[in-house]
Amino acid sequence: MQKQEILKTYFGYTGFRPGQEMLIDSILAGRDVLGIMPTGAGKSICYQVPALMLPGITVVISPLISLMKDQVQALNQAGVHAAYINSSLTEGQIQKAMEYAMGGRYKIIYVAPERLETWDFICFAQRARISMVAVDEAHCISQWGQDFRPSYLKIVSFIKRLNSRPVIGAFTATATSQVKDDIIAVLGLEDPQLLISGFDRQNLYFGVETPKSKLSYVLQYIESHAGDSGIIYCATRKNVEKVQEALLARGIPAAKYHAGLTPQERSENQEDFIYDRKPVIVATNAFGMGIDKSNVRYVLHFNMPQSMENYYQEAGRAGRDGAESECIMLFSGQDVMVNQYLLDNKPPNEELGPEENELVRERDRQRLQSMVNYAYSTDCLRKYILEYFGEYGMQRCENCSACKGEYEEQDCTEAARKVINCILELRQRFGINVVAGTLHGDKRSKLLELGADRCPAYGALQELSEDRIKQIIRELEQRKYLSATQDKYAILKVCAKAQDLLDGSDSLILRWAREEQRIAERTRKARKSDVLNHRGLELFEALKRLRMELAREGSIPPYMVFSDKTLIEMCVCLPFDRGEMLQVAGVGERKYDNYGEAFLAVIREFTQGRREKTYFGEMKAAAPGSVGRKTIKTQKQPFMITAIRAAEFRPTDVCLATELAAELNQLADLQTVQKLSGAEILRFAAAQGWVQEVWQEGRWKKLVTESGDRAGFFLDKRVSQRGTEYEVVYLSAAAQQTVLDHYTDLIVLHDEPDE
Ligand code: ADP
């Protein structure tokens, strides 16, 4: 079977997502790969599809039992025979699994890294034909990453012991260059095909809120999202207990999950959530790895996590099915202190020496600082996240709390001057708490002891809250007017650039979060209820009931039968027979054989066999096979412009990829196609061999190739706000035209009436 056919037959999808095909082709050609893709981007398909095409077995190394169980269950549902080997099986079961794999019954086996050094498994691996080793969560191999697992180092000696070297695929959602570098070096990847897929998850809304009472916010939020599935992350077990109790008291069925529960309680609670018996789970960060529940509609962070890596991974558990979902972090100044305390009291890693441990601690502090800056950021949150992961060039996203105008602008130049003067008066010897307290005129005894009240700046900003003053300080830090030392005390220093603020050549305009933000008022992006009308929702509920029944019968989570998104699409397309049903995204042949008829029966009965009735807003009845998917908001088509609109485009002499993207977005119908980003244009250029990323001098650098030069691409250097040097790619008029041609849909011309 060809890869496209495998994708459709087993996974029910008609097209690969950007980048998936490139990695699959490389693996099939015997080239190692490193796939860096955000949570939910579809890493598994990248090794599962080639695993079914390679002659031998694929060994997938995965850190958690729950992760393996979930993946294997989903594969078996899709009709792929796969197994896992881990400590949850008996010796007899392990022997049997290896026997079956030898006999060709399993093409894919999942193992924990510890298994790789057991005698039995090595003997098996040496006798069997292993075509690929796929390393999931590959960042666990990096000592500097926050999830370092020493057992991952065993992978290297395991591969060396094999009779012939299999192709190696490494996959992770952590994109910092250090981790990338470590993965390549430690795993010994040979000239790997690198894919850093766009980290942007367009269907996710990002928000930071600073409510007076976090608990009331959460209660109000959940009540206004009744019936939706969501996760609430808390920093401590105590908070988990507190939030869950409050939800239960309001009659909201909520499960809880933290390391203080027994393994049995944890697994029962997790299942209550996964099987949709309880729509909400309140959890610490112990929850989530390996949870592929696709219909999570929101992820609320009751407390700020310790790093952007953690945050993006946890928030990324929302909206895996591609439907609109929300990720909101609730923030208070106390979160910073709690996290600081947790870091300071983190036990050292016994596998590392004292110096290495100090380095790890240092990195942890930097990561926390970046998270704090996110919380205080008044600029586009998505842009902040993407830049953190090395993706520059994004403009405002219009789908985060900052872009949605939940802020108001204010000139803070005068306040900024007072901050700078205060730091100078305090002789640049203190951190943010002392400086903010002094400016606010606080009477804390520590400040009085230091003599802060004798400083001329004492109380100079008493009209502002301490939190506000801190926001100004962080903003000054971000914009490089101030810097903080990289140690535990983070002492504030004034940078040379601050002179521009003092002498009036620079000003500081900040956007503050509006105080009165009411959840219910916030205009959410399209949700399922926007796509389906009243009748459509009734059908959706009927399909969901059937899904629940089938899931119960098969003892599997409902989303493994079909995702919400697939059910919504059924309501829109109204398939009446096998052929039509197979056109629905997410319905593969194997799943059709298991469930297709049952769903068809419900649809036929509900519609009485009449398709002319519409079940969704703004759409006319669609003819079978030509369902107007373009108008379904939850399933936007990839970016394209009609030839007619493309003719309006006027190239400029030279521009950036982001600028071109903004121009092209204006010509496209963004109701039906996904928004184009500068990063996407650069990925297209990379796929054409015009632009490359190469590892040089300890970081990834962009290069324009000779053919890129001929196509009209060229480079320039810039320095980001965070002080990192990076290259920007410019496009000449000719290059702009080439990009435009690529995104122009000529077929639409043929839709014009012939006569
Ligand atoms: P990751 O491991 O990167 O977090 P997964 O492999 O779990 O992501 O995939 C996330 C979701 O996206 C899954 O529900 C998967 O079935 C779906 N998916 C993956 N590839 C495609 C594709 N080509 N088309 C549609 N959906 C896809």
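## Conventions and overall make-up

Angles under 35 degrees count as roughly parallel, those over 145 as roughly antiparallel, those from 65 to 115 as roughly perpendicular, and the rest as oblique. The structure is a predicted model, in which local features need pLDDT of at least 70 and side-chain atom pairs count only at pLDDT 80 or more, while totals for chains, interfaces and linings use all residues. Residues are numbered from 1 along each chain as its sequence is written, and side-chain values use heavy atoms, with hydrogens and water left out.

The secondary structure of the protein comes to 32 helices and 24 strands, where helices (H or I, at least four residues) and strands (E, at least two) are DSSP runs numbered from the N terminus. Of the 755 residues of the protein, 55% count as buried; buried stands for under 20% relative accessible area, exposed for over 50%, and partly exposed for what lies in between, with a 1.4 Å probe and protein chains only. Among the contacts (heavy atoms within 4.5 Å) between residues at least 6 apart in sequence, 71% join residues at least 24 apart.

Two packed helices are described by the angle between their axes and the distance between the axes. Here axes are lines fitted to C-alpha atoms, for helices over the stretch in contact, and angles run from 0 to 180 degrees between N-to-C directions. The axes of helix α29 (residues 678-687) and helix α31 (residues 733-743) come within 11 Å and cross at roughly 95 degrees, so α29 and α31 are roughly perpendicular to each other. On the α29 side the contact is made by Glu680, Ile681 and Phe684, and on the α31 side by Val739, His742 and Tyr743. These residues divide into four nonpolar, one polar and one charged, given that Ala, Val, Leu, Ile, Met, Phe, Trp, Tyr, Cys and Pro count as nonpolar, Asp, Glu, Lys and Arg as charged, and the others, Gly among them, as polar.

For helix α16 (residues 413-425) and helix α19 (residues 466-478), the axes come within 10 Å and cross at roughly 85 degrees, which makes α16 roughly perpendicular to α19. Ala415, Ala416 and Val419 of α16 meet Ile472, Ile473 and Leu476 of α19 in this contact, whose residues comprise six nonpolar, no polar and no charged.

Strands count as paired if DSSP finds at least two bridges between them. Strand β2 (residues 57-61) pairs with β4 in the parallel sense over four bridges, and Ile61 has Val111 of β4 as its bridge partner. Strand β3 (residues 82-85) also pairs with β4 in the parallel sense over four bridges, with Ala83 standing opposite Ile109. Together, β3, helix α5 (residues 91-102) and β4 make a right-handed β-α-β unit, right-handed in that, with the strands pointing away from the viewer, the path from the first strand over the helix to the second runs clockwise.

## Individual residues in helix and loops

Gln20 lies in helix α2 (residues 20-28) and, at 4% relative accessibility, counts as buried. Leaving aside neighbours within four places in sequence, Gln20 is in contact with Met37, Ala41, Gly42, Ile45 and Cys46. Ala29, in the loop between α2 and β1 (33-36), counts by contrast as exposed, at 66% relative accessibility; Ala29 and Val167 are 138 residues apart in sequence and 9.1 Å apart in space, C-alpha to C-alpha.

Most residues other than glycine have a negative phi. Glu137, although not a glycine, has a positive phi of about 50 degrees; Glu137 is found in the loop between β5 (130-135) and α7 (154-161) and is buried at 13% relative accessibility. Leu574 likewise is not a glycine and has a positive phi, of about 45 degrees; Leu574 is placed in the loop between α24 (564-573) and α25 (578-581), and is buried with a relative accessible area of 2%.
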